[in-house]
Amino acid sequence: MVQIEKLTGLMGAEITGFDITNGVTADMADFLRQALADYQMIALRDLHPTIKQQKELTEVFGPIMKLPYVEPMPEDDEVIAVLKEADECNKGVFGGDWHSDFSFLENPPAGSILSAIEVPQVGGDTVWASQVSAYTSLSEALKSVVDGRKAVHIGAPYGVTHQPPEEEQAGASIRMTRGDPAADREILHPAVIREPLSGRQALFLNPIYTTRFEDMSEEESAPILADIYKHCTRPDFSCRFRWRAGDVAIWDNRTCLHYATNDYDGTRRLLYRTTFSADPPAA
Ligand code: SIN
């Protein structure tokens, strides 16, 4: 029997008893889409999908999207292996700061799916933070800054100007194209977006890729963004998921931020990631 249980008061739900061995029916797809709109992140325990099944699941939410700058799996260019080997110690980790996946694209992914293949017995959790709750509880002063305003996003880790220092870069197992000047191109998105299915508003800003507000310099924007990030990553709005091999997590990449914890040096961690698209984020 399919059961759904909230992970925290404000976001995230865990679903057990879900079985896609015989495909995803229209009713199952409706259930998943509604659950994602309601909880922003849903975790399907013990699903153990094949790559083909993971891709079918991805298409429930939108067309599969190929991402630039990260080398896909050799056997399937629509899937990325998020891998950290046991011997990659004292290194950064892919997704190891609060972010929205590839928000610097003109049309960033609407959502992402991770399927856990090999995970540490303890550690390597992923954390999400609801930007719907963050926006709802934002002070009126900060709302007056972000409402109706656009912000600039840049492919910081991949470009030339904003590349992270060596020690913060993820290990060699996840192959990224760095030093590409095209990633320094400024892309504008509304600072507050509306989630199409629920109609709820959410902050759409993140510390990895957002550099400034449209009509402000980086220096002027920095203290305001720092205040916003302090607020929007509060534990009150977040949920933390402890992986077991076979689990699958699906999240709305537009209405929540996520963070890969890096506390498992000496242990191998491998997840397969797919992403899906929708219309560009709108205010
Ligand atoms: C990601 O940012 O997509 C990776 C998250 C994780 O590895 O937990």
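Which loop holds Glu-71? Select Glu-71 and see: the loop between helix H2 (51-59) and strand S4 (80-84). Helices (H or I, at least four residues) and strands (E, at least two) are DSSP runs, numbered from the N terminus.

Before moving on, note that this is a predicted model, in which local features need pLDDT of at least 70, side-chain atom pairs count only at pLDDT 80 or more, and totals for chains, interfaces and linings use all residues. Residues are numbered from 1 along each chain as its sequence is written, and side-chain values use heavy atoms, with hydrogens and water left out.

**Stop 1: Glu-71.** Glu-71 counts as partly exposed because its relative accessibility is 44%. The classes are buried under 20% relative accessible area, exposed over 50%, and partly exposed in between (1.4 Å probe, protein chains only). Glu-71 and Val-145 are 37 Å apart in space and 74 residues apart in sequence.

**Stop 2: two phi angles.** Most residues other than glycine have a negative phi. Select His-48, in the loop between strand S3 (41-44) and H2. His-48 is not a glycine, yet its phi is positive, about 45°. Next, pick Phe-102, in the loop between S4 and strand S5 (111-118). Phe-102 also has a positive phi, near 50°. Phe-102 counts as buried because its relative accessible area is 1%.

**Stop 3: the ligand shell.** You get Val-82, Phe-94, Gly-95, His-99, Asp-101, Leu-114, Thr-126, His-258, Ala-260, Arg-269 and Arg-273. By class, the shell has four nonpolar, four polar and three charged residues. Here Ala, Val, Leu, Ile, Met, Phe, Trp, Tyr, Cys and Pro count as nonpolar, Asp, Glu, Lys and Arg as charged, and the others, Gly among them, as polar.

**Stop 4: polar contacts.** Show pairs of N or O atoms within 3.5 Å. Thr-126 has a side-chain N or O atom 2.5 Å from a ligand oxygen. For His-99, the distance from a side-chain N or O atom to a ligand oxygen is 3.0 Å. Arg-273 places a polar side-chain atom 2.6 Å from a ligand oxygen. The protein covers 100% of the 260 Å² of accessible area that the ligand has on its own (Shrake-Rupley method, 1.4 Å probe).

**Stop 5: the strands.** Colour strand S14 (256-260) and strand S15 (269-276). These are the elements that give two or more residues to the shell around the ligand.

Note on methods
Near = heavy atom within 4 Å. Polar contact = N/O pair within 3.5 Å; in protein donor to acceptor, adjacent residues only side chain to side chain.
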